[in-house]
Amino acid sequence: MSGSRRRAAPTTAPGGDFENIEALIDGRGDITIGRIGSVRCAATAADEDQCLAMLVRRPGESLPDLLRRLDAAIGDAYENSVYIDEVNAPPKS
């Protein structure tokens with residue numbers, strides 16, 4: 001995807017719930033929440049050509065908290081080119 005088609009991080013006022021998720025969806029991206037393989041619950045975000053974040057729901061984590069983490073990860077991907085993949089993370093030693 002060319003840089004001209006990529007959406008910048010949203011510039012809405014701070015404090016809005018899920019503003020990065022909303023901007024992603026408005027910009028033809030998507031999020032998915034549910035099972036991925038052996039992962040019981042994950043949240044993913046992708047724009048038109050790349051995965052921005054794949055988060056695994058933590059023990060005791062509420063769904064709104066998972067969505068807040070996803071929203072922050074989307075912002076980090078657009079602002080800092082940091083892409084989080086907890087689903088395919090290498091095994092811990």
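Is Arg 68 buried, partly exposed or exposed? With a relative accessibility of 46%, Arg 68 counts as partly exposed. Keep in mind that this is a predicted model.

**Two helices packing together**

- Helix H1 covers residues 19-26 and helix H2 covers residues 63-80; their axes are 7 Å apart, at an angle of about 65°.
- The crossing of H1 past H2 is left-handed.
- On the H1 side, the contact is made by Glu 19, Asn 20, Ile 21 and Leu 24, while H2 brings residues including Leu 67, Leu 70 and Ile 74.
- Sort the residues of this H1–H2 contact by type and you get six nonpolar, two polar and two charged.

- Arg 68 pairs up with Asp 65 in a salt bridge, with N and O at 2.7 Å.
- Both residues belong to helix H2 and sit three residues apart, which is about one turn of the helix.

- Arg 69 has a salt bridge to Glu 61, where the closest N and O atoms are 2.7 Å apart.
- Glu 61 counts as buried because its relative accessibility is 11%, under the 20% cut-off.
- Arg 69 is buried too, at 17%.
- Arg 69 also bridges to Glu 86, this time with 3.2 Å between the closest N and O atoms.
- That pair ties together distant parts of the chain: Glu 86 comes in the segment after strand E4, 17 residues from Arg 69 in H2.
- Glu 86 itself is partly exposed, at 27%.
- Shared partners link Glu 61, Arg 69 and Glu 86 into one salt-bridge network.

Notes
Residues are numbered from 1 along each chain as its sequence is written. This is a predicted model: local features need pLDDT of at least 70, side-chain atom pairs count only at pLDDT 80 or more; totals for chains, interfaces and linings use all residues. Side-chain values use heavy atoms; hydrogens and water are left out. Axes are lines fitted to C-alpha atoms, for helices over the stretch in contact, and angles run from 0 to 180 degrees between N-to-C directions. Helices (H or I, at least four residues) and strands (E, at least two) are DSSP runs, numbered from the N terminus. A crossing is left-handed if the near helix is turned anticlockwise from the far one by less than a right angle, and right-handed if clockwise. Contact means heavy atoms within 4.5 Å. Ala, Val, Leu, Ile, Met, Phe, Trp, Tyr, Cys and Pro count as nonpolar, Asp, Glu, Lys and Arg as charged, and the others, Gly among them, as polar. A salt bridge is a side-chain nitrogen of Lys or Arg within 4 Å of a carboxyl oxygen of Asp or Glu. Buried means under 20% relative accessible area, exposed over 50%, partly exposed in between (1.4 Å probe, protein chains only).
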